[in-house]
Amino acid sequence: MEYVHLLKIHLISLFESACVLCWGKFALSMISTVVVFLLGVENSMLFAALVTLITFDLITGGLMVPFKIGTPIESVKILKTVSKLVAYSLFISAAHLTENIVPGTTFIDITALSYLALTEFVSIMENLGTLGYSMPQKLLNRVKELKNER
């Protein structure tokens, strides 16, 4: 009798795990569908690259620079990074959706992504300079020029 009871418990546990896994897969597929709709298939990888640059900026500017100069790491910088991700997502989504609505505009979302990527790259370069690594001033100036041209 004990064996049947244990078997029932394990089967129920297995069923619950399967349900959780199914709902997790369902939620993930829904999220990816929304992301592809808002960003476009071609921009999804570019957006992932932008998120990586934002993460590098957080690591260099929000964690490494304060450690180097001896100031405390502030949680407000992490919150600013999260709000930056939300704002950038809205901006890129708006650019992509506008491009889909207005005929003949095939450059808006790429231009928005390029501008934001250059902004993050400049910030990372400046953070590395603050950390004491030599950054070629010519390169930094050229990237800033490119950013201003966009």
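Which residues line the largest pocket? In this predicted model, local features need pLDDT of at least 70 and side-chain atom pairs count only at pLDDT 80 or more, while totals for chains, interfaces and linings use all residues. Residues are numbered from 1 along each chain as its sequence is written, and side-chain values use heavy atoms, with hydrogens and water left out.

The lining consists of Ile-54, Asp-57, Leu-58, Gly-61, Gly-62, Glu-74, Lys-77, Lys-80, Thr-81 and Lys-84. A pocket here is an open set of points on a 1 Å grid over the protein atoms alone, where a 1.4 Å probe fits, with protein on both sides within 12 Å along at least five of seven lines; lining residues have an atom within 4 Å of a point. Two or more lining residues come from each of α2 (41–69) and α3 (75–101), and α2 gives the largest share, 5 residues. Helices are DSSP runs (H or I, at least four residues) numbered from the N terminus.

Helix α3 also holds Ala-94. This residue is partly exposed, with a relative accessible area of 40%; buried means under 20%, exposed over 50%, and partly exposed in between (1.4 Å probe, protein chains only). Ala-94 and Asp-109 are 15 residues apart in sequence and 8.3 Å apart in space, C-alpha to C-alpha.

In helix α5, the buried residues are Leu-140, Val-143 and Lys-147. Seen down the axis of α5, these fall within an arc of 65°, so they line one face of the helix; the arc is that of the directions from the helix axis to the C-beta atoms. On the other side of α5, Lys-138, Asn-148 and Glu-149 are exposed.
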